[in-house]
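Visitor: Please take one part of this model and go through it closely. I would like the criteria along with the values.

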Amino acid sequence: MKRLLKRPINIEFALRGLGTSKLRAALTILGIIIGIAAVITIVSLGQGLSSATKAQMESLTSGMIEITSSSSSSSMGGMAGMMGGRSMFSMTQSTSSTAAVLTLDDAKAIKTFSSRVDAVTAVIELSGTLAWSGQSVSNSEILGVTSEWLDVYQREMYLGRFISDQDNEDMSAVIVIGEDLAEDLMGSSTNPIGEVVRITVDDVTQSYTIIGVLASDSTVTSSQYTLIVPMDSAIARMPGARENGISTIIIRVDASDSDERDLAVAEINTILRASHKLESSESEDFTISDTMEFSESTSSFVQVLTIVLSMIAGISLIVGSIGLMNIMLVTVSERTWEIGMRRAIGAQRSDIMIQFLMEAIFLSLAGGIVGMVLGILGSYGVASLYEELQGYITVTPNIIGISIGVSAAVGILSGLYPAWRAARLQPTEALRHVA
């Protein structure tokens with residue numbers, strides 16, 4: 001008699017009870033499987049997407065601090081293109097409507113006096129037409145830059161060399177183009193180095209000699225057809241360059257710590273205020289944008305989106321738990337005679353409660369384990385379809401812990417009330433149902 005009161009016997013009765021209706025048990029755990037699989041898939045993909053987005057944005061914008069004049073910040077916006085020119089987004093609003101033109105002296109002052117700056121380049125933006133051997137590319141983006149442009153954007157050369165300080169001093173008619181442009185314009189059989197191209201800006205055509213080809217970069221989102229010339233050459237040779245002036249100063253600060261970057265921005269702000277001879281009561285006539293803020297904002301947005309989608313997926317888990325509770329209540333009603341027999345031969349209310357609670361937990365855990373496996377396989381399956389996510393999907397202990405913990409919690413919460421009802425049945429009442 002005492003053996004019936006032992007918990008292993010209660011667990012054995014629970015397993016036997018589940019075995020009496022295998023189809024019902026399978027259908028019951030289906031909702032748990034779907035809920036757990038959906039949550040794990042979304043959480044895993046969300047974490048992977050967040051990591052991939054953060055890595056991509058950091059490789060794209062990490063270290064970049066952009067300065068624009070307040071007169072152009074509303075139209076130019078934020079970072080001057082990953083190819084080094086055209087603006088992509090705006091991160092700050094200008095603080096003054098006073099027109100101000102950035103100068104090369106501003107860039108030199110930042111390079112000289114800032115202790116946190118790793119590289120600085122000024123950029124002049126123009127638009128023109130490139131022509132070579134009867135072929136042309138209209139509306140090409142032309143950038144007049146200094147020699148540090150390559151270090152600022154951390155790009156690599158495919159062929160030849162980049163613009164040097166000497167090229168700027170001599171105002172040389174030389175140009176650097178992108179690998180994609182070189183191949184599309186000249187074909188893979190032609191060595192672009194030394195080829196002479198014609199550039200037309202405002203109906204003025206001049207010849208430039210190609211000295212280098214930039215290696216293509218998968219993180220570059222703006223035009224790969226950008227043309228890069230020495231800044232002084234652009235000012236001296238191209239119409240509108242002197243009048244338009246420097247559109248952007250791009251600064252590389254490799255520190256990733258937010259406090260360090262804030263100090264760098266504050267230091268740059270102080271240097272520029274002094275360079276522009278602004279009084280303490282005057283607002284800045286320039287705008288400073290730290291592109292790292294955009295990376296952090298994007299990552300935060302992905303995390304919030306993951307949480308929202310996980311909550312939506314969790315609805316199916318709630319539905320599954322309600323279904324589990326309903327099935328357990330039906331089970332208690334159908335097995336009243338079994339409860340009466342056990343109580344008649346000495347089982348206590350706690351034994352009955354443990355038996356039916358264990359049934360609910362077993363069902364939930366089984367659904368949780370299967371759902372976890374399907375969720376993990378689903379995550380890797382979806383990631384395999386997208387190259388951007390490959391390598392970023394990982395199965396962490398947190399994910400396994402979540403699946404097991406949620407499954408156990410669903411089993412306990414869904415089984416408590418049916419188990420309590422089963423334990424409350426009186427033996428004499430239950431035995432009336434014995435066939």
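Guide: What follows is a look at the aromatic pairs. This is a predicted model, where local features need pLDDT of at least 70, side-chain atom pairs count only at pLDDT 80 or more, and totals for chains, interfaces and linings use all residues. Residues are numbered from 1 along each chain as its sequence is written, and side-chain values use heavy atoms, leaving out hydrogens and water.

A search of the whole structure finds two aromatic pairs. Rings of Phe, Tyr and Trp (its six-membered ring) pair if their centres lie within 6.5 Å; planes under 30 degrees apart count as stacked, over 60 as edge-to-face, the rest as tilted. Trp149 and Tyr153 make a tilted pair, at 4.9 Å centre to centre and 35 degrees between the planes. Both sit in helix α5 (residues 149-153), four residues apart, about one turn of the helix. Helices here are DSSP runs (H or I, at least four residues), strands likewise (E, at least two), numbered from the N terminus.

Trp149 also pairs with Phe162: the centres are 5.6 Å apart and the planes at 20 degrees, so this pair is stacked. This pair links distant parts of the chain, 13 residues apart. Trp149 is in helix α5, Phe162 in the loop between β4 (157-160) and α6 (165-170).

Now burial. Buried means under 20% relative accessible area, exposed over 50%, partly exposed in between (1.4 Å probe, protein chains only). Trp149 has 0% relative accessibility, so Trp149 counts as buried. Tyr153 is buried too. Phe162 is buried at 9%. Together, Trp149, Tyr153 and Phe162 form one aromatic cluster.
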